[in-house]
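Colleague: I am new to this one. Can we go through the labels and what stands behind each?

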Amino acid sequence: QVQVAESGGGLVQSGGSLRLSCVVSGRMFGVNDGAWYRQPPGKQRELVAEITRDRTKGDQTNYADSVKGRFTISRDNAKNTVFLEMNSLKPEDTAVYYCRVMLVILGERWGQGTQVTVSS
């Protein structure tokens, strides 16, 4: 059984920072790709950032336009963990943040989400 657990969410003032972590544990063969999505209140889930493994170029990252320059996605392969560093947070960043990973052989898994609330 594989578990995907997000942590690091909370309440922060506008302009503040948070660091989200997504830890993958259990019986598995490793993590290929990772991504963070978010779902603001009353809206659909959207991609925030993704990190994909390229065997020739190393990890490749991609960001939603709304977070470019403020958020950074990274990973620690030894700890099967994907991070999302969020700086200069805005009230419109308020959402439930979800981690999605693509596991070697086992495929896609999602976490349960962590709430991020940014006050103005």
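Colleague: Are Cys22 and Cys99 buried or exposed?

Modeller: Both Cys22 and Cys99 are buried. Buried means under 20% relative accessible area. Keep in mind that this is a predicted model.

Colleague: What makes Cys22 and Cys99 a disulfide?

Modeller: The distance between their sulfur atoms. The cut-off is 2.5 Å. The sulfur atoms of Cys22 and Cys99 are 2.0 Å apart, so the pair is within the cut-off and counts as a disulfide. The structure holds one disulfide.

Colleague: Which parts does the pair tie together?

Modeller: Cys22 lies in strand β3, residues 18-26, and Cys99 in strand β9, residues 95-103. The link therefore joins parts that are 77 residues apart in sequence.

Colleague: What is the handedness of the link between Cys22 and Cys99?

Modeller: Left-handed, with -80° about the S-S bond.

Colleague: How do you know that β1 and β3 pair?

Modeller: Count the bridges. At least two are needed. β1 and β3 have six, in the antiparallel sense, so they count as paired. Cys22 takes part here too: in β3, Cys22 is the bridge partner of Glu6.

Colleague: Which residues of β1 are on the covered face?

Modeller: Val2, Val4 and Glu6. Gln3, Ala5 and Ser7 make up the uncovered face of this strand, which spans residues 2-7.

Colleague: Why is Thr81 called buried?

Modeller: Thr81 has 7% relative accessibility. The limit is under 20%, so Thr81 counts as buried. Thr81 is in strand β8. From Thr81 to Phe71 is ten residues in sequence and 17 Å in space, C-alpha to C-alpha.

Colleague: Why is Leu106 called partly exposed?

Modeller: Its relative accessible area is 32%. Leu106 is found in the loop between β9 and β10.

Colleague: Which residues make the nonpolar surface patch of about 340 Å²?

Modeller: Phe29, Ile105 and Leu106. Patch residues need over 30% relative accessible area.

Colleague: Which residues touch the most other members of the largest nonpolar core?

Modeller: Trp36, Leu84, Met86, Tyr97 and Val101, out of 28 residues in this core. Several strands supply at least two core residues each, among them β1, β3, β4 and β5. The largest share, five residues, comes from β9.

Conventions:
Residues are numbered from 1 along each chain as its sequence is written. This is a predicted model: local features need pLDDT of at least 70, side-chain atom pairs count only at pLDDT 80 or more; totals for chains, interfaces and linings use all residues. Side-chain values use heavy atoms; hydrogens and water are left out. Helices (H or I, at least four residues) and strands (E, at least two) are DSSP runs, numbered from the N terminus. Buried means under 20% relative accessible area, exposed over 50%, partly exposed in between (1.4 Å probe, protein chains only). Patches are made of residues with over 30% relative accessible area and no salt bridge: like charges are joined within 9 Å, nonpolar side chains (Val, Leu, Ile, Met, Phe, Trp, Tyr) within 5 Å. Accessible areas come from the Shrake-Rupley method with a 1.4 Å probe; for residues, only the protein chains shown count as cover. A salt bridge is a side-chain nitrogen of Lys or Arg within 4 Å of a carboxyl oxygen of Asp or Glu. A nonpolar core is a set of buried Ala, Val, Leu, Ile, Met, Phe, Trp, Tyr and Cys residues joined through side-chain atoms within 4.5 Å.
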